[in-house]
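Please consult the sequence and the coordinates shown here before reading on.

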Amino acid sequence: MTTPLLKVEHLTMRFGGLVAVNDLSFDVHRGEITALIGPNGAGKTTVFNCITGFYKPTEGRLGLRHPDSKTYLLERLPDHHINWKAKVARTFQNIRLFQGMTVLENLLVAQHNPLMLASGYSILGLMGSKSYLKSEKAALDKAVAWLERINLIDRADDPAGDLPYGDQRRLEIARAMCTDPVLLCLDEPAAGLNPRESLELNTLLTSIRADGQTSLLLIEHDMSVVMAISDHVVVLDYGVKISDGAPEEVRNDPRVIAAYLGVDDDEVAAVEAEVGL
Amino acid sequence: MTQANTPSSTEAFDLVQAVKDAGFAGMVTFGLCVPIVAFRAEQDMANKLVLQQRWWMALVITGLVIVARFLFSLHQHSRRNDHAQQAPAGTSSALALIKPYLAPLGFGFITIYPLMMLAIHGPSGSIKWIDNFGIQILIYVMLGWGLNIVVGLAGLLDLGYVAFYAVGAYSYALIATKVIPETFPFLGVWAFWICLPISGLLAALWGILLGFPVLRLRGDYLAIVTLAFGEIIRLVLINWVDFSNGYAGLSSIPRPSFFGIPFNASDTGFAAVFNLEFSPIYRTIFLYYVILVLSLMTAYVTLKLRRLPVGRAWEALREDEIACRSLGINTTITKLTAFSIGAMFGGFAGCFFAARQGFISPESFVFLESAQILAIVVLGGMGSLFGVVVASIALVGGIEILRELDFLKEVFGPTFDPSQYRMLVFGVAMVLMMLWKPRGLISTRDPSVVYKERKAISGSMVQEGHG
């Protein structure tokens, strides 16, 4: 087996007395789609926020290994370096686009750091240097390529807030992809999508995987998405990992079934004995 | 809303309802006027209180309210119909028609304005028009454009902008009256031109010094701290007498020279060198063009920066700070750049202000100044350069105009002083704006980059920022 892209080791996150994530360890493998599932309040988004730098974990280590075998410890990086240096991008459960900016501008803001360097921290840019104009053109081309890929090129000059919900979801993924991530974290990308849009999303995500540059980690409640596209599923319940493996294995795991569906009262003892509680 | 319920695009004007509304408003007004306006206690010669009855005044006010309420109903009705018919068309057609000619016309006008005034009012009469209107308005335009970077683009509410204006003014005043005469006397005539960049840089430095601890705060907290900073600077200037000469202020600040040629009556002065009769008007005209160039520079830099990554990051920060962080944008540095660049333009304006006045004191840098600059930015429409110009003309020029309305004395009697009502007018204008255009005069956002077609973005979509 190849070395994992992201190694989460003994991750614990406490908010005062509340233990949101407790001693969680799992791996995200290169070139795979890993799904993080679990009932509401299981701590999935907390794990995401730790990985993407919005929370500093109480304990544990998040080791990210790039293809050039450079390793970053995500829990130690300042939050803007997680995207810029460690190349981890994310989307949000409640869409966070720049609503008053156009679709195209959204994708250009995502390329802020390389463009900032190219503009010589705005000094070369103010003087209108050739090299900056060239990189700006390249950034525009990249944005346009992504808009063509997600079928939004006709709406490039519309404000992002005017797009229908499903388009906003895809635009947010494209915006995250414009930062050239090695790991893309998607927080419930299929929430609120109709079956057709959900299918389009599956195609987009598998095509990103097929490009080979980006591995995906996603939180999802929609099992049709999870089972159709993920290579590896991690199940959380009350901040603890209860199952980890291929979708087929996880689907038949009694602990997962118990966590999602609950069990009859008279079976509790039997199930508990079986799962070793 | 009513327009959603009515399928037809125009609805009949409900006269009965409008009259009822007007009558009700009149009744309320009359009720309020009885105790407040209709009776007035006054002292007579013998120091006795006399009750005066002023029923005619109460009736006049009530009548005015009834008419105003009725007109308001009419206006709302016509607006509703306009809205139903024109909503897809977007901006009104009249504005769209003159829009392409607006910029060159306006630019031409402000360029020849001082010469026009000189031609109309003569050398001594035109000083008032160039100085009180031209220069004064342009200073506020420049301050508005500077603050617009902080408030309009980056969405950081700064209530202490006048602090940077003060830093710029005192930098120039202190360097030009103390440092230069003592250490580099030969630079005397160039003082303004040397100090202009220094004042800007010092103000930017203060922007960074203030910004570092403060920019982790958001929204109201940031506003309060910047407000306090503005007051602290003023109080330091008042109390540190050795440094700034306290309340007495600094006087005999050198005036700007015409690139080394001073504006005085001497043989090497401007008038003598160019074979003109000596007159103070030349300096005023020169100052007008200096501030014009300075403000155009502010506008140029702002427009350029908006199209650069840093400008887009400012606007993205105003839209959604959390999303910015997830995209690897260093929010602290980005806010600091907005803060310090805004402060720098404030510093330039301050330096110019000190040079124009020749005298500065802490009185010129009170909170009301900050509030007025902020009002200009908000009234103009957050982020809009053109809006700031219109708002400055309306707020600064409008108040100056009040002083000129002598004919009102014919109507209200010789003791009537229109300029005393400026705050009232100011307040009424604000209330009307909130009702009529809550997002400012220019409430659309112009995209910084275009793929095929430039479309203005409606203000209701754009966030105001909260940090």
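## Helices α14 and α15 of chain B

In α14(B), the residues B:Gln372, B:Ala375, B:Ile376, B:Val377, B:Leu379 and B:Gly380 meet B:Gly387, B:Val388, B:Val390, B:Ala391, B:Ser392 and B:Leu395 of α15(B). Contact requires C-beta atoms, placed from the backbone, to lie within 7 Å; helices (H or I, at least four residues) and strands (E, at least two) are DSSP runs numbered from the N terminus. This contact divides into eight nonpolar, four polar and no charged residues, where Ala, Val, Leu, Ile, Met, Phe, Trp, Tyr, Cys and Pro count as nonpolar, Asp, Glu, Lys and Arg as charged, and the others, Gly among them, as polar.

The axes of α14 (367-380) and α15 (385-404) of chain B come within 7 Å and cross at roughly 125 degrees. Axes are lines fitted to C-alpha atoms, for helices over the stretch in contact, with angles from 0 to 180 degrees between N-to-C directions. The two helices are therefore oblique to each other (under 35 degrees is roughly parallel, over 145 roughly antiparallel, 65 to 115 roughly perpendicular, and the rest oblique).

## Basis of the model

The model is predicted: local features need pLDDT of at least 70 and side-chain atom pairs count only at pLDDT 80 or more, while totals for chains, interfaces and linings use all residues. Residues are numbered from 1 along each chain as its sequence is written, with chains lettered from A and ligands numbered from 1 in the order in which they are written.

## Helices α10 and α13 of chain B

The axes of α10(B) and α13 (331-357) of chain B come within 11 Å and cross at roughly 175 degrees; the pair is therefore roughly antiparallel. From α10(B), B:Leu287, B:Val290, B:Ile291, B:Leu294 and B:Thr298 meet B:Phe345, B:Phe348, B:Phe352 and B:Arg356 of α13(B). By class, this contact has seven nonpolar, one polar and one charged residues.

## Contact between the chains

Chain B and chain A each give 32 residues to their contact. On the side of chain B, the elements giving two or more residues are α10 (281-306), α11 (309-319) and α12 (321-326). The largest share, seven residues, comes from α11(B). This side of chain B comprises 17 nonpolar, five polar and 10 charged residues.

## Sheet of chain A

In chain A, four strands form an open antiparallel sheet in the order β2-β1-β4-β5; strands pair if DSSP finds at least two bridges between them. Strands β2 (18-28) and β5 (71-73) of chain A are the edges, each pairing on one side only. Five bridges join β1 (6-15) to β4 (59-65) of chain A, and A:Glu9 has A:Arg61 in β4(A) as its bridge partner.

Conventions:
Contact = placed C-beta atoms within 7 Å.
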